Number of protein chains: 2
Amino acid sequence: MKKLMHSIAAALLIGACACTPTYELMAQDTQLKQLSLEDLLSGGTNYRYTENLYGLQWWGDTCIEPGIDSLVAINPKKNKRELLTTRADINRALQAKGLGELQHLYAVRLPWPKEERILLSLPGCYAVYDWKADTAALCREYPKEAANMDYATTSGNLAYTMGNNLYVNGTAVTAEGEGIVCGQAVHRNEFGITKGTFWNAEGTLLAFYRMDESMVTQYPLVDVTARVGKADYIRYPMAGMTSHKVQVGIYNPQTGKTVYLDTGDPTDRYFTNIAWSPDSKSLYLIEVNRDQNHAKLCRYNASTGKLEATLLEETHPKYVEPQSSVVFLPWDKDKFIYQSQRDGFNHLYLYDTEGKLVRQLTQGEWMVLSVAGFNDMRHEVFITSTEQSPLQSTIYKVNTRNGKRTALNAVGGIHTPQLSASGKYLIDTYSTPTEPRDIALVQTLNGNVTGRLLTAANPYEGCVAPTVEVGTIKAADGITDLYYRLTKPADFDPAKKYPVVVYVYGGPHVQLVNDGFMHGLRPWDYYMANKGYLMFTVDNRGSSNRGLNFENATFRQLGIKECSDQLKGVEFLKSLPYVDPDRIGVHGWSFGGHMTTALMLRYPDVFKVGVAGGPVIDWAYYEVMYGERYMDTPQTNIEGYKECNLNNLAGRLKGHLLVIHGDHDPTCVPQHTLSFMKACIDARTYPDLFIYPCHQHGVTGRDSVHLHEKITRYFEDYL
Amino acid sequence: MKKLMHSIAAALLIGACACTPTYELMAQDTQLKQLSLEDLLSGGTNYRYTENLYGLQWWGDTCIEPGIDSLVAINPKKNKRELLTTRADINRALQAKGLGELQHLYAVRLPWPKEERILLSLPGCYAVYDWKADTAALCREYPKEAANMDYATTSGNLAYTMGNNLYVNGTAVTAEGEGIVCGQAVHRNEFGITKGTFWNAEGTLLAFYRMDESMVTQYPLVDVTARVGKADYIRYPMAGMTSHKVQVGIYNPQTGKTVYLDTGDPTDRYFTNIAWSPDSKSLYLIEVNRDQNHAKLCRYNASTGKLEATLLEETHPKYVEPQSSVVFLPWDKDKFIYQSQRDGFNHLYLYDTEGKLVRQLTQGEWMVLSVAGFNDMRHEVFITSTEQSPLQSTIYKVNTRNGKRTALNAVGGIHTPQLSASGKYLIDTYSTPTEPRDIALVQTLNGNVTGRLLTAANPYEGCVAPTVEVGTIKAADGITDLYYRLTKPADFDPAKKYPVVVYVYGGPHVQLVNDGFMHGLRPWDYYMANKGYLMFTVDNRGSSNRGLNFENATFRQLGIKECSDQLKGVEFLKSLPYVDPDRIGVHGWSFGGHMTTALMLRYPDVFKVGVAGGPVIDWAYYEVMYGERYMDTPQTNIEGYKECNLNNLAGRLKGHLLVIHGDHDPTCVPQHTLSFMKACIDARTYPDLFIYPCHQHGVTGRDSVHLHEKITRYFEDYL
């Protein structure tokens, strides 16, 4: 691993001058370096990383900064640094026990605030190092085939999976055949699900997912690197088709017994957002029906598996989408925070364990983005929200007694807090339009920045850089504000006419224009602007961080309103005297691949060139969980599926459209792109195609450079 | 079916003037129609068919000319036409028996020279119509799932397959599970194999193939038109890998018994060119070892299945490739004709049934192309050969006593004879550079043309037409003559500079330049010449009709010498003052797709643009029978496979290369093209790709127009 240093006196960008709603970033002269894709993309050989501090964490209220060779403890109040230990010391102790050695200290953990011990993850085992005693000890071994390791730091129990089964401390918890997967994320990682094992606070009981997908159709992804091409099958439930069945088990390592929650028939139900009660007697989860318009917060008895109570229910004529587990107040085990979009924006609600609403903690036409932790003494909960701006993520402390909010380090931009054990301090990692990454220590009582751990240099310093403007236009409804980002070449001349490439995503859960570094500018946009293109992005209705109605305006008709909003973006572009209206291109991936293709087909005289990557073409080929939330099923929304199926518009293609797909895409299967090729052939239209063998939903790693060169050439050839 | 008429006074082409070695065809002026791909390609909506007479055949020595509505008998000596019967009469008789009706008479057969009966193939049955009695009768019914129908006209027995099993007259001959195929062509249709059932002369014994391919790896071809994409598996033995095992059975419908030939272990052996002895007591076949350098003509006892004799053997340090069954002399049941390339050219050898060579019937530096039949009375065998020119196929009668040969209707061009029962007459269907199709009746005694059944009009009459020249250049060995075809736009101006597209095949069994109509010009070449391109094709060493040494010069190194010969073609082109040396493109399919890709990679500064269709990229991905004949195995020819594997040259790509593949290509699996994409991505080169879903090794039918438009656009964009 490359050694990453931080520079205290990082040079700031030149010429940043914010003028609402449109402001400019960065002027430069022509002696500057031209960045290549190898410089700009993370897979590139010369990738210019933004400096970072890896593994920064709290040990109680002490900030820990790992390096390659040393572990530094920082007193957050005084920003006083102290060497805790070194890699040399740790490795000497490890080797004395025959436990191998560490190459760096970025991945160490200090989960025990009262103990001078470091948790180390080594190949095949967990170990601890006691820096006072200067001794190492083995905690827990695991087989090399193990995956999804979940180590309970309170008990030392280790859960992991091998193949499709779950193990704890070397003992098989499940022994299922092919088609049943245990201990892994279910429901295709929708509903905020990211893992399949959940230890209680004491690490003595393990809740886990068991998914029977044996009834789900298998999709063949062909591996052409095998001696003879072979099908790698994935179980992929397509919209309207038979889906998998999920159960939740609770395993007790002491008794070796597993209790499955008595949920009744799991057919067409989602079990989401698992949380333990503080006393470990109950398991909370949010159940959602297949139609995704009815959610129930349920409490199950962890010993018997019986349902104890349905604490609250939510319904919506379009959809409900619970994405956050309940979080209990540390100072009151009978109350928890529940997140809901029921008033149109995601907000916090304080409930008691009988399901009685105590109070709504936050309210307003902005969204809570995350719950970061608590200050136990002051009864504060820490959140991030869009209250300052839909483009920003600001840290707030919220008084749970009266809902009073106080912004912390509110200097604009995108903030990610890590709270100390007591909640008195936080590490605030953030970026702003002019700052690629800052890391500050913040005292939560008064918001004082007590220390600055990193001010990252501009990775593009000394290089030709485009200018970035952000502003708003009206959506196709004439009312809603949409945020756009317009990027201009460094040597922009308003007297010239420029070609434009619109970069689009447009689907739920994503926002492209923000107040992060360079307003979220993508490396390829940077590259293309340097080549003389204007780059434009607008976040249409249906995208993220603007509230429920903004998002669900697209229900049952994905892509239609999104496209009409994008056309408003094009109208804006055409109103600019320096835009060449005959040279407008569009590029996007995934939902953005759908949008790109849809825009090329719905507005064949507007867009001259498009590059669509990993596109959804027909929502009937997309999976149940995401697809049916927004589209219902092909059986219940016949007209919507027909209108949104781009295969039905294949005959409208006029411009140059390159469609790209990974042949191992398990998210958006290659059937989308290949069926579209067939539809175009049938309709005698002429798209172009490229396949990235062995790649999944994104073309990542080293090949990302090839991909973007391919995309660039296409626009250069045809736009 | 479209009514196809023939015109006696078909207009001949203008300005045809042959001057060896280069001559020109067809001048035209600018008022003429421009042909589109829809006009030129057989899948096109306005395809201009060349007139033909479908179903022309002999009834004894009477020529039968079927039409849609009538069946005409022609006395070949006097060219006297007589109406035999009408479709109305036949259908009336059929309907009286409830046997349905015919839509045309093109598919009727008259296999009984002494009977006034017509064999009719109807949905689900065979029937006969007696035109004297004006009655119809059912012969044999079969299920609608039946395929590979083989009706023995002497006995009335009917063999057919359903699924993977063989049936005769409704009785199952085999009852094998998946992975074993009976009654169908085996060995991937190599060695001249085109079918899997072989009746003896009396139609009382059925020899058939049984192929166990359960041990062969399966290749998944993904069907994206299914609700959820699904793999259609084909059993595809790749070079050097485990291959299928073939047996030959003989079924007796009278006893219901099957005897399998006692060949010993069939592993890695080919059983080819099955023929019955005239007395039905023996079955002849040619056995070839997996290395394909040793062939044995064997005679088996048809009753016991025991080997009676190995009549002759052939070996060759490179390969032997028997492609023709033995043919017995009608007047001497103890002698047969055997074809061999043993002296360097395919010739006829007369053997007796003990394997003793009676005499070599033909000899010379030219090839016998086919055996057409006999004149029993005069002891003549009729053949076609390249004796007049390697570009032609001329009919000869050969006296089997002394080998004396006499050419018949030797007016140049490509002739296909159909011999009458006695051999006194033949139907000669032929084309020449200026005649798209002629059909003549020829008296074999004196070669007189006694009648002319068709002189097809030029299908491109009244249209802009390119000029075609044929000539020779020297191969890269400096010695061998290679034939080329150069096609020029109608308005060719020698003072201008033209781009050239080289169309290439280059592999065994194919010859592109010939003395057929317009010298074998392809419709797309015609189209491109009309668009202002010079079109060039040269048949390199390794291609067909030039003898064994010409073909096997490429042994164990497919593509290397072929490419160097193609480069000689380019050198010739560059010597022409009107060729733009910076605008040379190349296109080919299958072996020609390999050649196109290889030329782009081996000579990156010569070829600017290439379009490769269904290419072989790595011979290790090609099948055993064809692949190992020319390349041996990857295990025994490591160096050759490495040199010829285009994935190893992927980094050399400079020009624009579009690779096209059908996603259901069972001949050259998509792994070739997709592995090449991966190799190029790894090497950071930039080919283009297109996939035709649901298409096999060729893009046929209506989509052929799309394909050729796609190819055309690529050259127009980049050449």
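Two strands count as paired if DSSP finds at least two bridges between them. Strands (E, at least two residues) and helices (H or I, at least four) are DSSP runs, numbered from the N terminus.

## Basis of the model

This is a predicted model, in which local features need pLDDT of at least 70 and side-chain atom pairs count only at pLDDT 80 or more, while totals for chains, interfaces and linings use all residues. Residues are numbered from 1 along each chain as its sequence is written, and chains are lettered from A and ligands numbered from 1 in the order in which they are written.

In chain B, strand E21 (residues 294–301) is joined by seven bridges to strand E20 (residues 282–289), and the two run antiparallel.

The hairpin of E21(B) and E22(B) has five residues between its strands, and B:Gly305 in the turn takes a positive phi of about 80°.

## The loop at B:Asp69

B:Asp69 sits in the loop between strands E2 (62–66) and E3 (70–75) of chain B. Burial is judged by the other C-beta atoms, placed from the backbone, within 10 Å of a residue's own: 20 or more is buried, 12 or fewer exposed, and anything in between partly exposed. B:Asp69 has 13 C-beta neighbours inside 10 Å and so counts as partly exposed.

Residues are in contact if their C-beta atoms, placed from the backbone, lie within 7 Å. Neighbours within four places in sequence aside, B:Asp69 is in contact with B:Thr86 and B:Arg87. Its C-alpha atom is 9.6 Å from that of B:Asp89, 20 residues away along the chain.

In chain A, helix H5 (residues 560–575) and helix H6 (residues 591–602) cross at roughly 70°, and their axes come within 10 Å. The axes are lines fitted to C-alpha atoms, for helices over the stretch in contact, and angles run from 0 to 180 degrees between N-to-C directions. H5(A) and H6(A) are therefore roughly perpendicular, a class that covers 65 to 115 degrees (under 35 is roughly parallel, over 145 roughly antiparallel, the rest oblique). H5(A) contributes A:Glu562, A:Cys563 and A:Gln566 to the contact, and H6(A) contributes A:Met595, A:Ala598, A:Leu599 and A:Arg602.

By class, this contact of H5(A) with H6(A) has four nonpolar, one polar and two charged residues. Nonpolar means Ala, Val, Leu, Ile, Met, Phe, Trp, Tyr, Cys and Pro; charged means Asp, Glu, Lys and Arg; the others, Gly among them, are polar.

## Contact between the chains

Chain A gives 33 residues to the contact and chain B gives 32. On the side of chain A, the elements with two or more residues are strands E15 (218–223), E16 (230–235) and E42 (688–692) and helices H9 (671–682) and H10 (703–718). H9(A) supplies the largest share, six residues. This side has 19 nonpolar, five polar and nine charged residues.

## Nonpolar cores

A nonpolar core is a set of buried Ala, Val, Leu, Ile, Met, Phe, Trp, Tyr and Cys residues joined through C-beta atoms within 7 Å. The largest has 203 residues, of which A:Val500 and B:Val500 touch the most other members. Apart from it lies another core of 103 residues, including B:Val108, B:Ala127, B:Tyr338 and B:Leu361.

Note on methods. Contact = placed C-beta atoms within 7 Å.
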